[in-house]
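Colleague: I would like to learn how to read a helix and a sheet together. Could we take one case slowly?

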Amino acid sequence: MAKPKLSMSALMSESRRANEPLLVTKRYKGLSLSEVEEKLRKVEGHEEAVILDQNMRVIAAYSGENGRGSHSVSVPGHVFGFQGITITHNHPSGRYGWGGTFSPSDIEAFAHKNVKSVRAVLSGERTTYALSVTRGVHSPSVLAAKKKITELASDINRFCGEGGLLKSNFNQNKKRFDKSGFSRERSNRAAWQVTTGIVHGRIAEGMKPLESLGVVYYRRKR
């Protein structure tokens with residue numbers, strides 16, 4: 001049976017639905033931040049993001065496992081209309097078994113004027129990364145800092161993107177571990193840890209001068 005033709009508006013609507021994250025708020029409703037992140041650490045194979053309001057109550061949650069081959073998760077634009085939100089999400093074990101620090105899109109999300117904090121927990125590990133505001137989310141100094149953070153996101157994107165240094169750095173480290181007699185899996189994992197550690201260092205270096213303006217970046221293990 002031939003498929004009926006769709007109008008342009010219908011095609012655009014269908015395309016948007018294909019890219020929409022799956023709404024999974026019920027999984028996290030009523031949980032505290034620590035309880036949410038404990039649950040996120042157990043998610044494997046895809047990302048899930050949970051949004052909490054300024055009173056730290058869960059208002060929405062989304063999954064990248066939408067049945068269409070997606071693994072990363074996006075947060076719909078309307079969520080950024082809430083003032084003082086915290087966005088926490090998991091970084092599942094990656095291609096080489098390690099989630100790593102923030103992506104450029106994570107940093108861009110934090111740069112939005114209404115976002116108080118963006119957090120990432122590593123699946124299967126006790127590591128938490130955070131970008132946070134330490135004073136009023138709309139204070140002049142914080143808004144000034146967030147303009148700089150947009151520039152930092154662009155810098156990290158150049159490093160991680162096509163033609164950036166991340167891939168060549170990984171390959172160099174992998175060769176070094178291969179020569180040390182590591183198995184292929186162990187070599188990949190070790191090289192990825194070193195490389196994502198460099199990304200962490202670049203973010204930390206870029207954020208350090210902005211601490212006096214009321215924004216911080218940290219990594220904690222427990």
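Colleague: What covers the buried residues of H4?

Modeller: This is a predicted model, and in it the cover over the buried residues of H4 includes the helices H3 (104–110), H5 (165–179) and H6 (184–207), together with the strands E5 (115–122), E6 (127–133) and E7 (215–221).

Colleague: Which residues of H4 are buried, and why do they line one face of the helix?

Modeller: The general idea is that an α-helix has 3.6 residues a turn, so residues three or four places apart point the same way. In H4 the buried residues are Ser141, Val142, Ala145, Lys146, Ile149, Leu152, Ala153, Ile156 and Phe159; seen down the helix axis they fall within an arc of 120°, so they line one face of H4. The face turned away from that buried side carries the exposed residues Pro140, Lys147 and Arg158.

Colleague: What is the order of the strands in the sheet?

Modeller: In general, strands of a sheet pair through backbone hydrogen bonds, either parallel or antiparallel. Here seven strands form an open sheet with mixed pairing, in the order E1-E3-E2-E4-E5-E6-E7. Strand E1 (22–23) and E7 stand at the edges, each with a single partner strand, so one side of each is left without a neighbour in the sheet.

Colleague: Which helix packs on the sheet by touching E5, E6 and E7?

Modeller: That helix is H4, whose direction makes about 65° with that of E7. H6 also packs on the sheet, touching E6 and E7, and the direction of H6 makes about 145° with that of E7.

Note on methods:
Residues numbered from 1 in each chain as written. Predicted model: local features only at pLDDT ≥ 70, side-chain atom pairs only at ≥ 80, totals over all residues. Heavy atoms only, no water. Buried < 20%, exposed > 50% of the residue type's maximum accessible area, 1.4 Å probe, protein only. Helix = DSSP H or I, 4+ residues; strand = E, 2+ residues; numbered from the N terminus. Arc of directions from axis to C-beta. Contact = heavy atoms within 4.5 Å. Pairing = 2+ DSSP bridges. Axes fitted to C-alpha atoms, helices over the stretch in contact; angles between N-to-C directions.
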